Amino acid sequence: MSSRPVILGIVGDSAAGKTTLTGGIAQVLGPENVTVICTDDYHRYDRTQRAELGITALHPDCNYIDIMQQHLSLLRAGEPILKPVYSHKTGTFQPPHYIKPSRFVIVEGLLGYSTRLARDCYDVKVYLAPPESLRANWKVKRDTIKRGYTAQQVLAEMEKREPDSEQFIRPQRQWADVVVSFYPPEEASGEDGSHLNVRLVLRPTIPHPDFTEILEQSKVDSMQAIRLELDRDMSKPVDVLEIDSHATGEQVSKIERMICSEIPDLLPFCSRGGNPDIGKLTGTTGETLQSYPLALTQLLIAYHMIKATHLESTKALPLEV
């Protein structure tokens, strides 16, 4: 077991899918082994104050970045923190929570990679980058159902936030080890998460599973449902893994084995056709849906978390003399 917690960062704009992705990863790692932190809790101003000051929650000046950094450092050292709490429902602050880090810590939010000190605290960094049209659909759905806004209010707020998204949120993509982009197939334009494909940019900043078999098959058949290609992202060479929503159970099982063969802890989640505990989505009428692209994304990120634990344990071993 690691001598300190392994920390995963999940950063993306509002309603990019951070909470959905986090939920499945926690299921793989075991909810009892995971502490989830939301960096929105480090807002400096409440909703009323932001409106009065004309500042958005996406601006670094609207957040206690210094306290967030300090807390990330403490969590990485295995120390507890007294975390502030911000309520999205009321737009106000609540009493702080005493948090002791578990074996794994997932930190999700808007500005998690905004400083070098914060970035250095993560073992694995993920950035969510859905198409803006899809994110807008998700945000309208979430904020009207859960936060009491009208669709017009949500769209007006997104327009107001756009300059800060462009200046402060999207540039954080460059620091991610994995960039996750869910998107609808060309023949579909809806937002049903169970029918979305995923594009995973795998940067060489961390060692990924051996997907050579997929790469070789992609050279033969570029139309298959799971593809791997060499590409460039932000001018740097990367691998790009794409998984279509219509992938079959057999195809999903094959890539699961590639991910799980190296990490025995993941074997319970590597069943033919996907595991029902991950890849879960809530449909437009509240029904539970299953997505293979989401499940495989959650499994891949959990792979990196567990691998980081093993690497940290190896570092902690005493040298033989």
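User: Why is Glu157 called partly exposed?

Analyst: Its relative accessibility is 30%. Buried means under 20% relative accessible area, exposed means over 50%, and partly exposed lies in between (1.4 Å probe, protein chains only). Glu157 at 30% therefore counts as partly exposed. This is a predicted model, where local features need pLDDT of at least 70, side-chain atom pairs count only at pLDDT 80 or more, and totals for chains, interfaces and linings use all residues. Residues are numbered from 1 along each chain as its sequence is written, and side-chain values use heavy atoms, with hydrogens and water left out.

User: What makes Arg161 and Glu157 a salt bridge?

Analyst: The closest N and O atoms are 3.3 Å apart. A salt bridge needs a side-chain nitrogen of Lys or Arg within 4 Å of a carboxyl oxygen of Asp or Glu, so the pair qualifies. Arg161 itself is buried, at 13%.

User: How do you know that Arg147 and Asp143 form a salt bridge?

Analyst: Their N to O distance is 3.8 Å, within the 4 Å limit. Arg147 is partly exposed at 22%, whereas Asp143 is buried at 4%.

User: Which residue forms a salt bridge with Asp41?

Analyst: Lys83, with the closest N and O atoms 2.6 Å apart. Asp41 lies in the loop between β2 (34-38) and α2 (47-53) and Lys83 in strand β3 (residues 81-87), so the pair ties together parts 42 residues apart in sequence. Asp41 is buried at 8%, and Lys83 is buried at 6%.

User: How many disulfides does a search of the whole structure find?

Analyst: It finds 0. A disulfide requires a pair of cysteine sulfur atoms within 2.5 Å.

Terms used:
Helices (H or I, at least four residues) and strands (E, at least two) are DSSP runs, numbered from the N terminus.
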